[in-house]
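Biologist: Can you walk me through this model? Keep it simple, please.

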Amino acid sequence: MKPRRRLSWMAGLACVLLAAAACGKSGGDTSPSANSTVAPAAAPTLSGDPVVIGSMYPVNAALASFPDLQYMAQIAVDVVNAKGGIKGRPFKWVHCDDKGDPNVAATCVNQLINQDKVQALVESVGLQGNIAWPAIKKADILNWFNVPIWPDDGTSPLSYPAGLGIYAHQNVGLLVKQGEFKKVRCLSATGNVSPKLCGFAQASLAAKGVTDFKNIFWPPGTTAFQPYASKVLADGADAVVVAISDAGAAPVLQALADAGANVTALAPSTSIGSKSIDVAKKNNIPLRVAGSWAVDPARFKGRQEMLDNVQRYSKAVGAPATMDTTSDNAFNIYQGIVSLAAVMNGAKSLKTADLQDYIKTHPIATGVAPPLDWTKPGPVPASPRIVQIYGTPEKIDGGKGLVSDSTTWSSSFPGVSAVSCCTP
């Protein structure tokens, strides 16, 4: 069965990078319009065969659905090509929809590596990493800004995860005060990973005095969430943990609002994005997010630059006005493509060994998280490649979007101190 594939390459678009706005610009996370009128300028001339990178993730699956990532990827590619591509060659991104199906995933990874000849994978999310890793190792290519779920994500020298993946839920405890909540329910679709996500959240909240913690799961393919919202209401829960992707979290939050549930939503930024934030704002749902990426453009210059580029290129790539620009996955694919291009342009050649040599001496600074340095293992047991272990508390403020409490990242992992980042 051949999976649906999206190829996207807009080499040499007549656009240039918009200058980053001052970090002190009035706050809030503003979703950029898809109808940008920023005037383009002359693009550089690119020549030679394109440098191809690729992604494998589900566009629609029970636990993880990422319909907007293609637009963020195209925007990032256009940014790179507008600045000269890869050593003067055009940059190209391809995608294969694994549909959350291991059989489709096996076809996808073969297609990306052996047909599309990708130089690296970037932001390959979902539950099919165990299918992809044998082929990645055989091809000896980087798995860049991948979302850590499987053992190889945390151990392979070809793995360069940028987010926390399933471990992000350990940071939910950062969001609450001791004894603040009594009854918490974890909401997710049934699946192999869901109990682990909710288990991490339960452990981090137990340290804050939460003893009444239960899971509420629904079957894959569920689209009506009223019965599960009613269960939250009947249980008298005062907080919920959301353990699904942004596209799935939004209707769940809406169902809670429609049921009249008076709850605070707690989530890492793997679960929350622009769609969920919009629902929370419209329904006055208290929302707290432990973000591994910083979303507040008033505090983080790198975030403002990212939003400026989204505004500049969104119309050219056909992005909807409601596109997610806030979730970890949106950050991962944008920052992943832009940072991988920087590595490719800085390295001696595009050979994997030369890319790795460059990475060893050049920690990845995005401006929206502590620098990523894979020479310094993180604290996840037996997973030294997972180095982005921080969360910074974020909340909806004044109806403008998520804002960050500070420029300091904390961590619920034991033995990890706070770290400041990205100050103007």
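**A walk through the model**

Modeller: Start with helix α3. Its buried residues pack against β2 (51-57), α2 (102-115), β4 (120-122), β5 (142-144), α4 (151-155) and β6 (159-160). Keep in mind that the model is predicted.

Biologist: Which residues of α3 are buried?

Modeller: The helix covers residues 129-139. Gly129, Ala132, Trp133 and Ile136 are buried there. Down the axis of α3, these residues fall within an arc of 110°, so they line one face of the helix.

Biologist: Why would residues a few places apart point the same way?

Modeller: An α-helix has 3.6 residues a turn, so residues three or four places apart point the same way.

Biologist: And what is on the other side of α3?

Modeller: Pro134 and Lys138 are there, and both are exposed. Just after the helix comes Asp140, with a positive phi of about 55°.

Biologist: Let's back up. How confident is the prediction, on average?

Modeller: The protein chain averages a pLDDT of 87. A score of at least 70 is reached by 88% of the residues. Over residues 1-40, however, the pLDDT is below 50. That stretch still has 124 contacts in the model beyond near neighbours in sequence.

Biologist: How many helices and strands are there?

Modeller: The protein chain has eleven helices and 15 strands. It runs to 424 residues, and 56% of them count as buried.

Biologist: What share of the contacts comes from residues 24 or more positions apart?

Modeller: Among contacts with a separation of 6 or more, such residues account for 74%.

Biologist: Now α6. Which of its residues are buried?

Modeller: Helix α6 covers residues 226-235, and Ala229, Val232 and Asp235 are buried in it. Around the axis they cover an arc of only 125°, which puts them on the same side of α6.

Biologist: What do they pack against?

Modeller: The buried residues of α6 pack against β7, β8 (212-218), β9 (239-242) and α7 (246-259). The face turned away from the buried side carries Pro227 and Ala234, which are exposed. Gly236 follows α6, and its phi is positive, near 70°.

Biologist: New topic. At what angle do α9 and α10 pack?

Modeller: Helix α9 (residues 301-313) and helix α10 (residues 328-346) pack at about 85°. Their axes are 12 Å apart. The two helices are therefore roughly perpendicular to each other.

Biologist: Which residues meet there?

Modeller: From α9 come Arg303, Glu305, Met306 and Asn309. They meet Ala330, Phe331, Tyr334 and Gln335 in α10. The contact residues divide into four nonpolar, two polar and two charged.

Biologist: What about loops? Where is Arg299?

Modeller: Arg299 is in the loop between β11 (287-291) and α9. With a relative accessible area of 33%, Arg299 is partly exposed. The C-alpha atoms of Arg299 and Val368 are separated by 9.4 Å, and the two residues are 69 residues apart along the chain.

Biologist: And Val193: buried or exposed?

Modeller: Val193 has a relative accessible area of 12%. Buried means under 20%, so Val193 is buried. It lies in the loop between β7 (183-189) and α5 (194-206).

Biologist: How are Val193 and Ile149 placed?

Modeller: They are 44 residues apart along the chain. Their C-alpha atoms are separated by 8.6 Å.

Methods. Residues numbered from 1 in each chain as written. Predicted model: local features only at pLDDT ≥ 70, side-chain atom pairs only at ≥ 80, totals over all residues. Heavy atoms only, no water. pLDDT = per-residue confidence, 0-100. Contact = heavy atoms within 4.5 Å. Buried < 20%, exposed > 50% of the residue type's maximum accessible area, 1.4 Å probe, protein only. Helix = DSSP H or I, 4+ residues; strand = E, 2+ residues; numbered from the N terminus. Arc of directions from axis to C-beta. Axes fitted to C-alpha atoms, helices over the stretch in contact; angles between N-to-C directions. Parallel < 35°, antiparallel > 145°, perpendicular 65-115°, else oblique. Nonpolar A, V, L, I, M, F, W, Y, C, P; charged D, E, K, R; others polar.
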